[in-house]
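Hi,

Here is the structure I promised to pass on. My notes on it follow below.

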Amino acid sequence: MENIIEVKNAAKLFGNETALNDVSFHVKKGETFGFLGPSGSGKTTTIKILTAQLRQTSGDAYVFGVPTERLKENKYRKKIGVLTDNSGLYSRLSIYENLKLFCDLYDVPPMRIDEVLAMVQLQNEHKKIVSKLSKGMLQRVTLARAFLHKPELLFLDEPTSALDPVNSRHIYKGLEKLKSEGTTIFLTTHDMDEAETLCDRVAFLNKGSIQLLDQPKRLRKQFSNGTIRVELMDGREIYLDRGPDGAEELYEYMSAGMVESANSNEPTLGDIFVEVTGRKLS
Amino acid sequence: MTFSLKRSLAIFRKDYKDVSKNLYVSTTVLMPLILAAVYGRTGVETVEVYFLVFNLTFTMVAAYVQSALIAEEKEKNTLRGLMLSPATTAEILGGKSMLSFLGTLIVLVMCAFFMEYQPGNLLIISVASLISIVFYIGIGTLIGLLTRSVMEASVAILPVAFFFSFVPLVKPFMDEYPILKAVNFFPNLQLIELANQIETGAGWGDSWSAILIILGWTVVITSFVVAVYNRKMVDH
Ligand SMILES: Nc1ncnc2c1ncn2[C@@H]1O[C@H](COP(=O)(O)OP(=O)(O)OP(=O)(O)O)[C@@H](O)[C@H]1O
Ligand SMILES: [Mg+2]
């Protein structure tokens, strides 16, 4: 399958501070790829390099098969949508006026504004002035602007960091719709549940290096210790082997009516991150 | 490079709506108008006085308003959005200049009207003034690009405005200090020179050198603006 993003041994230094260190990965067409890492790990730097806002110090970065310097060309701009952490909306103008400008810049009919506002649950807020919006609304407008022109590739830098769980879930639904239409999504987050929900593959970024990269499901399998966690009626919590021995033990507990609950003991992405990097995510 | 007027006009429309809600910028255009109204009542004797007002318009409307418009795009992180869109450098800078250009033009015409300025050759002085507007918008764009906020831009514009408004006042000292003659090549002085010439019946044949010098300055400043802008597109 075609690689939409291809990064080989990219590094970025600011002065003599290393922001990215020998980073390599690729993102396939239609894939949702997550960059997970704590603050300062280099997530935004990576997005800036991939959208030609920043030049890597060394290594190669290709998007749509061309080096990122060429993304300035009109035909690539139209295929890329970007949401960065600093909003970039005109605060004295209304939501509609902001989006209308971008419709004109991207050659999109203004009808599309209703569609994107519906996707972010803001369909009745056309006339609201941007400076009067809550943080979460602002983030949703910025998101709507990022996919206004139906980009083939969408960069989302912490798209839900200012949203409550309900709004986040709305956004996830919207993103899933874009994904089902074939959009490739590159997103950064420090929310592990978000990564689990949305991403086909995730990379763990820590201090500018990728420490682990795989499908969330496979990572959990890889890091599970093969036990089942059983809570007993008396409040005890025990871990049983998943083999025949464990089965026998579990059978006994269950026959005695002592089992409150039994769960597979797979680690969450958050647990794995801590295990691999020795750092918490947020 | 293709130029889409549609994109430039979209940016212009946006600026127009934005500025009409921004009193801070809107009030600066009043300064030259008030001065022109005052002179209009007392009567103007010399070309120098007309051009004191016109120069103020160039610096306070063309350069200052432009620098504020550009600096605000930087301050609010909106310039990035324009840069990442399919709009080209020419479309963005062109669109971002339309409002200051029109505004300056309107204020100039109104000032001329208040002061009852009747140039000896309207066409020549109009051509030279239109080119001058572009020059001052270039200056404003440059200041906007090199500063980080509207506050910074409005401080940075002061020495520039002072320089272009008051340099004409050194003229009387030129005989005494010949070094000051170099100042004659500045676009603002060329414009005044031209305005004086047409009062004594000069036509196109006598005017082209002044117009070319102003045009030369404008081309230089414009290329400089484009170079700085392209550098700003990529962070370092
Ligand atoms: N323009 C810059 N100049 C100097 N250092 C920078 C610059 N931009 C980023 N850095 C540094 O590079 C490192 C990575 O920053 P980056 O913004 O990519 O982190 P991040 O993962 O996006 O963090 P967050 O979750 O807080 O957004 C940080 O140490 C930061 O201080
Ligand atoms: Mg960041």
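Contact here means heavy atoms within 4.5 Å. With that cut-off, residues 24 or more positions apart account for 82% of the contacts in chain B that have a separation of 6 or more.

Some housekeeping: this is a predicted model, where local features need pLDDT of at least 70, side-chain atom pairs count only at pLDDT 80 or more, and totals for chains, interfaces and linings use all residues. Residues are numbered from 1 along each chain as its sequence is written, chains are lettered from A and ligands numbered from 1 in the order in which they are written, and side-chain values use heavy atoms, leaving out hydrogens and water.

On confidence, chain B has a mean pLDDT (the predictor's confidence in each residue, from 0 to 100) of 90, with 98% of its residues at 70 or more. For the complex, the predictor gives an ipTM of 0.89 and a pTM of 0.88.

Now the fold. Chain B has 10 helices and 0 strands, counting DSSP runs of H or I with at least four residues as helices and of E with at least two as strands, numbered from the N terminus. The C-alpha trace of chain B spans about 50 × 35 × 30 Å along its principal axes.

As for burial, 52% of the 236 residues in chain B are buried, i.e. under 20% relative accessible area with a 1.4 Å probe, protein chains only (exposed is over 50%, partly exposed in between). Chain B exposes about 11,100 Å², with carbon and sulfur atoms supplying 72% of it; these areas come from the Shrake-Rupley method with a 1.4 Å probe, and for residues only the protein chains shown count as cover.

Cheers
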